[in-house]
Amino acid sequence: MPEPEPFEPLESYGEEGRAIASTGAGGASDLATAEAETLEKTPGGPEGTGPDKKPRSLWSDAWHDLRRNPIFIISGLVILFLVIISIWPQLIASGDPLDCDLSKAQEGSQPGHPFGFNGQGCDVYTRTVYGARTSVTVGVLATLGVAILGSILGGLAGFFGGAWDGVLSRITDVFFAIPVVLGGLVLLSVVTSSTVWPVIGFMVLLGWPQLSRIARGSVITAKQNDYVQAARALGASNSRMMLRHIAPNAVAPVIVVATIALGTYISLEATLSYLGVGLKPPTVSWGIDISSASQYIRNAPHMLLWPAGALAITVLAFIMLGDAVRDALDPKLR
């Protein structure tokens, strides 16, 4: 009986010139098609890093995460609402916060006056709405001043180091030793102005050391990166390295801390106004209303409930926003 001829794989070409290889099972596979499918299924990395897409930057990646974070969406909507009523309070409050009627003092809710009246007969609802303007203005301006001053001083100390860093570190230690509320009682007690500027100046004076420490550490970390060393080797000036290479990569921690601190400054303004050294009448402020309502809390709790509730919601919204931004900008959490 003749022995069967040994099996030899045959290679042929289809109509389109593609190599067809016989398999041991007797079937055929299209090598060109299989290769193409393999290339298509090869992972190209995370979204935005494929061959046809540019990799996302830190900021675009953070925005991509923030848009899908419900905490950021909720807090952002609350803050947007607060900003709108701070600019245009007449949109939801048609009355005058300084229009008072002593005959209605401490009365509860009435038609057209859902929050009742305070001890002077002023509409609590109108004063609560107009109080948002003062609190948001103080918080935003104080945060901007602290962020700018702290970032500049801390960034220069971290970049140059040496004697400048040592002197700034000792100065910040002195400011850290001053209790904020006690410092406010001492410094603001001699101020007679009823505007917001003394309070903002005090917050900037005692708030910049914290941002300075954050900016200093961030700059020290960023200037050790390879791209900064390469720019230095190519002869880039100090100003160019700071503005083009270090600052964009060191500002994220400052933004996170400043966002959280904004809510803290709003509550600090209310605390100082409650103690009588912050904003003063006729300025409309949640802290002033809380201070005047505290003595009537048993007989007319509504006078304290609404401004205190608005203050708590505002501070909570900014803290939630800061937490969401921190999670989005922290690469360790990815």
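A: Let's start with the sulfur link: the bond between Cys100 and Cys122 is right-handed, with 70 degrees about the S-S bond. Cys100 sits in the loop between helix H3 (70-87) and helix H4 (124-160), and Cys122 is in the loop between H3 and H4 too, so the pair ties together parts that are 22 residues apart in sequence. Keep in mind that this is a predicted model. The S to S distance for Cys100 and Cys122 comes out at 1.6 Å. A search of the whole structure turns up 1 disulfide, and a disulfide, in general, is a covalent bond between the sulfur atoms of two cysteines. As for cover, Cys100 is partly exposed at a relative accessible area of 36%, whereas Cys122 is buried at 4%.

Most residues other than glycine have a negative phi. Gln106 is partly exposed, with a relative accessible area of 30%.

Now for the helix pair. Two packed helices are described by the angle between their axes and the distance between the axes. Helix H10 (residues 252-274) packs on helix H12 (residues 302-329) at an angle of about 170 degrees, and the two axes are 8 Å apart. Angles over 145 degrees count as roughly antiparallel, and that makes H10 roughly antiparallel to H12. On the H10 side, the residues that meet H12 are Ala252, Ile255, Val256, Thr259, Ile260, Leu262, Gly263, Ile266, Ser267 and Ala270. On the H12 side you'll find Leu311, Thr314, Val315, Phe318, Leu321, Gly322, Asp323, Val325, Arg326 and Leu329. Sorted by type, the residues of this contact come to 13 nonpolar, 5 polar and 2 charged.

Leu321, in helix H12, is buried at a relative accessible area of 15%. Leaving out residues up to four places away in sequence, Leu321 touches Phe72, Ser75, Ile79 and Thr259. Thr259 is one of the H10 residues in the contact with H12. Leu321 and Thr259 are 62 residues apart in sequence, yet their C-alpha atoms are 7.1 Å apart in space. Thr314, also in helix H12, is buried as well, at 1% relative accessibility. Setting aside neighbours within four places in sequence, Thr314 is in contact with Leu82, Ile266 and Trp286. Ile266 is another of the H10 residues that meet H12.

From H10, follow the chain into the loop that comes next. Pro282 is found in the loop between H10 and H11, and the peptide bond from Pro281 to Pro282 is cis, with omega near 10 degrees. Most peptide bonds are trans. Ser285 lies in the loop between H10 and helix H11 (286-293) too, and Ser285 is buried, with a relative accessible area of 0%. Not counting residues up to four places away in sequence, Ser285 touches Gly131, Thr134, Glu269, Ser273 and Leu279.

Stepping back to the whole chain, you have 12 helices and 3 strands. Of its 334 residues, 38% count as buried. Among contacts in the protein chain with a separation of 6 or more, residues 24 or more positions apart account for 64%. The chain exposes about 19,200 Å², with carbon and sulfur atoms supplying 64% of that area.

Conventions: Residues numbered from 1 in each chain as written. Predicted model: local features only at pLDDT ≥ 70, side-chain atom pairs only at ≥ 80, totals over all residues. Heavy atoms only, no water. Axes fitted to C-alpha atoms, helices over the stretch in contact; angles between N-to-C directions. Helix = DSSP H or I, 4+ residues; strand = E, 2+ residues; numbered from the N terminus. Parallel < 35°, antiparallel > 145°, perpendicular 65-115°, else oblique. Contact = heavy atoms within 4.5 Å. Nonpolar A, V, L, I, M, F, W, Y, C, P; charged D, E, K, R; others polar. Disulfide = S-S within 2.5 Å. Buried < 20%, exposed > 50% of the residue type's maximum accessible area, 1.4 Å probe, protein only. Areas by Shrake-Rupley, 256 points an atom, 1.4 Å probe, with all protein chains shown as cover.
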